Amino acid sequence: MNVCVGDIIKLENNQFVAADLLLLSSSEPHGLCYIETAELDGETNMKVRQAIPITSELGDISKLAKFDGEVICEPPNNKLDKFSGTLYWKENKFPLSNQNMLLRGCVLRNTEWCFGLVIFAGPDTKLMQNSGRTKFKRTSIDRLMNTLVLWIFGFLVCMGVILAIGNAIWEHEVGTRFQVYLPWDEAVDSAFFSGFLSFWSYIIILNTVVPISLYVSVEVIRLGHSYFINWDKKMFCMKKRTPAEARTTTLNEELGQVEYIFSDKTGTLTQNIMVFNKCSINGHSYGDVFDVLGHKAELGERPAPVDFSFNPLADKTFLFWDPSLLEAVKMGDPHTHEFFRLLSLCHTVMSEEKNEGELYYKAQSPDEGALVTAARNFGFVFRSRTPKTITVHELGTAITYQLLAILDFNNIRKRMSVIVRNPEGKIRLYCKGADTILLDRLHPCTQELLSSTTDHLNEYAGDGLRTLVLAYKDLDEEYYEGWARRRLQASLAHDSREDRLASVYEEVETNLMLLGATAIEDKLQQGVPETIALLTLANIKIWVLTGDKQETAVNIGYSCKMLTDDMTEVFVVTGHTVLEVREELRKAREKMVDSSHTVGNGFTYQGKLSSSKLTSVLEAVAGEYALVINGHSLAHALEADMELEFLETACACKAVICCRVTPLQKAQVVELVKKYKKAVTLAIGDGANDVSMIKTAHIGVGISGQEGIQAVLASDYSFSQFKFLQRLLLVHGRWSYLRMCKFLCYFFYKNFAFTMVHFWFGFFCGFSAQTVYDQYFITLYNIVYTSLPVLAMGVFDQDVPEQRSMEYPKLYEPGQLNLLFNKREFFICIAQGIYTSVLMFFIPYGVFAEATRDDGTQLADYQSFAVTVATSLVIVVSVQIGLDTGYWTAINHFFIWGSLAVYFAILFAMHSNGLFDMFPNQFRFVGNAQNTLAQPTVWLTIVLTTAVCIMPVVAFRFLRLSLKPDLSDTVRYTQLVRKKQKAQHRCMRRVGRTGSRRSGYAFSHQEGFGELIMSGKNMRLSSLALSSFSTRSSSSWIESLRRKKSDGANSPSGGAEKPLKG
């Protein structure tokens, strides 16, 4: 569909928004619609958008056809959370904001249809403005190979010049004496011109030193590595039936060199599923299951979950393991009842009941939905709401509460409250919020209960759970009437409305009575903490770039062990101006340097840093630090005059979390690290908001999750779970890098060993461009004799098994430091090749000068010398690749020894009578190979040449292994020692944390939703009617709830406590 600016398009439920639209009208009352923005910010909770009142009545085609309004707005930009414009229609002006916009990438939810006016289309949409340009990705080895090939070509030219000069001198000084029987060609009239022709002849002869076939071999090896990734059963997700996929074949070895990982949070580290895990009610903790010995049962040892079959309205997907909490509910414990009554009343969840008993909750945040679902299963079922009432089924009895006020949530208050009147006419305020905020507002009489609840909060925080405190307060009628008048006055104020309302809310939310606390688990993907720990041990730095709010991201940071209480300090940058951000970064650096023993105190940042100073004193700071920065602060930190300050501060920290970032900011952070750190980067995400950073990073990995396949389509590698990243890098990546480096070293070595023999022979043949080997050997050397063994090594070789690669993550570091193939290693290979060529030529040359055959005739003839040198070369390079091979397979054996057999078979065939009879002009040297290799002197020469070429390599490797072994050598030795022992499986010890409580209250909540509920604008007609329907009694199972399991059972909260009234 070709969508243009100015078009009016109709969207239906669950459809993607195709352009940036101004919402005109919808099927919902007051022009409301619900959208999911997972592709933009990673959040899967629903958000509300509303049409302006003047257009909300344009619900049919005839009215829309008459719409002739004009919109004047901001130019296209990448700011997802801001929009400003004005609609001119019917001689009036109507302001437009982001609340009136449906952005491309959103999905329409729970709304039958809506109409929208296209404001931006195509590349002008905010989603496309945040997407980066597709770049052609090449590995660092590719770039180095291109440089080395140019160097080799220059070396070839130098050799040609040297030999050409030698030819000119020889022809001038010596060749003139042989003009009688070695005359120059007619075109050659001088020694200089003879040297010129000799130059081009040697360029042709020595061209094999330039590895043209190298590029083809590299691509074949990379293809093999890609298939290994695709075929890896340990990276196959059985649940989703999704295998790992290498979507490119050009980046495999760079997987073994990654230093920085940039990860999305929602859907990548987490499943975005909130689970009611534990709770504390009146000083008693619920949620843990203990065995008969009193030990806490682990997940695999737990009995069956609590049976909620008594409740026909229970959510069948809800699981809870501690039966004592249900016992407390059934025994009528007033504190437990009040706890769940609060959860069923204090929220902004919308309920939808398509069929009787089938409830669907539409929560603005997944954690709030988890709390209401928990209350539902324990018998306090939120059934429906109207603008002024909330209907709850409490243990089968329908009770309707009058909703007097919603004290809405925001990031400053970090709490929400509702004021309700129960059927008896009593007014009560219910409040839930962050523990750091709510504990300071409790009544002094709750100190004893506060102490035990605080212990439980610390315990929950140690388990990485998101905590929330619940409290209540009774209000008398007279006080409430006065407070309601003050609230109305504040809401009608023209200036400082938010501050006035906040002050009124503060007034009533004091002297609260503590009920307890909840602990919600934001479920991580399986194996995330272990994967992050393992990658950290491999010296890989992990940065989390998320569109979620700061509290949510920090919470997940603790859950996945990126952040720990053992850290020296966690720096939080939240400045709104350039000066504030600069000052916060400066203070962070000063604290890091002040704590270091290697640098004196008093460090202050002065002037702009240069890229050469990034490895400064901050690289060696003592202690572990983390940096958390918000999106608006990051926008300033990424400016040209501050980006280096931010980068230096961030790189000195063990963990970096960037919150509320746009897709473009994610790409900018990745580009910043690429630009100045010169390190290999990997970006991993699962949504369209991650596409930019996936394209920008050296390697992009897509998670095939719940946010579509845009990230997968833009990625280089894809799989379904974050935990597979450790195997992709530590096994496949490390092996690919190791194999490619060994392949390149050997390839350059064998080519120089082969080609340089011609160079030395030039000094003994009058620089006449005569070749040492026959033309068929030159043709078949790289194609047949040495191609398959090196390919087998490049595809199958490994230094240690995959289990050891995972067990010793430090084995990954050589790739990060680029130790296995660099310019130094290249020159070592070249030197070894030249050394081999010298011995390969001069040992046979020296032997043949004096040697004789068995019959006493001279051994030294051109063809015998060529066969001897060629045989020595093939044997030496075959033995050398045998030494280089660390992992022998049947294929390696077949290719190496098969290549040797093929060489001898072809050698004898070319010197046979049969070929001579068929092609007498091509194969003239009949029997030469048989006669030459029948001489003991020739074999002694071959053995001597092989030994002299190989023994220094063996001696050097033996000494290095004995005196300075690297980690892979040590691991192999350990493996040999433990070969007959049973494998010992290492279990990662779980480290508990105490004292760092983190509230998990509705961090994806949006302010203003409570006001929308109270206005009734988001209520469907069916919801209003449902309030009367839901009052029907469903007490068929009420009696079973009241039964006591034993006469002597006591309340979980003890008998000395005062019963709750109300």
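User: Why is Cys 33 called buried?

Analyst: Happy to start there. Buried means under 20% relative accessible area, exposed means over 50%, and partly exposed lies in between, with a 1.4 Å probe and protein chains only. Cys 33 has 0% relative accessibility, so Cys 33 counts as buried. A word on the background: this is a predicted model, in which local features need pLDDT of at least 70 and side-chain atom pairs count only at pLDDT 80 or more, while totals for chains, interfaces and linings use all residues. Residues are numbered from 1 along each chain as its sequence is written, and side-chain values use heavy atoms, with hydrogens and water left out.

User: How do you know that Cys 33 is in no disulfide?

Analyst: A disulfide here is a pair of cysteine sulfur atoms within 2.5 Å. By this rule the count is zero disulfides. For Cys 33, the nearest cysteine sulfur belongs to Cys 114 and is 5.1 Å away. Cys 106 is in no disulfide either, as its nearest cysteine sulfur, that of Cys 33, is 9.0 Å away. Cys 106 has 2% relative accessibility, so Cys 106 is buried too.

User: What makes Phe 83 buried, and which residues does Phe 83 touch?

Analyst: Its relative accessible area is 6%, so Phe 83 falls under the cut-off for buried. Phe 83 sits in the loop between strand 5 (70–73) and strand 6 (85–89); helices (H or I, at least four residues) and strands (E, at least two) are DSSP runs, numbered from the N terminus. Touching, or contact, means heavy atoms within 4.5 Å. Leaving aside residues up to four places away in sequence, the contacts of Phe 83 include Cys 73, Leu 96, Met 101, Ile 119 and Phe 120. Cys 73 is 10 residues from Phe 83 in sequence, and their C-alpha atoms are 8.0 Å apart.

User: Why is strand 29 described as largely enclosed?

Analyst: Five of the five residues of strand 29 (residues 699–703) are buried, so the rest of the structure largely encloses this strand. Ile 699, Val 701 and Ile 703 point one way, Gly 700 and Gly 702 the other.

User: What makes the link between Gln 726 and Thr 531 a polar contact?

Analyst: A polar contact is a pair of N or O atoms within 3.5 Å; within protein, one must be able to donate a hydrogen and the other to accept it, and residues adjacent in sequence count only if both atoms are side-chain atoms. The side chains of Gln 726 and Thr 531 are joined at 3.1 Å, so the distance meets that limit. Gln 726 lies in helix 22 and, with a relative accessible area of 14%, is buried. Among the residues that Gln 726 touches are Leu 534, Val 731 and Met 806.
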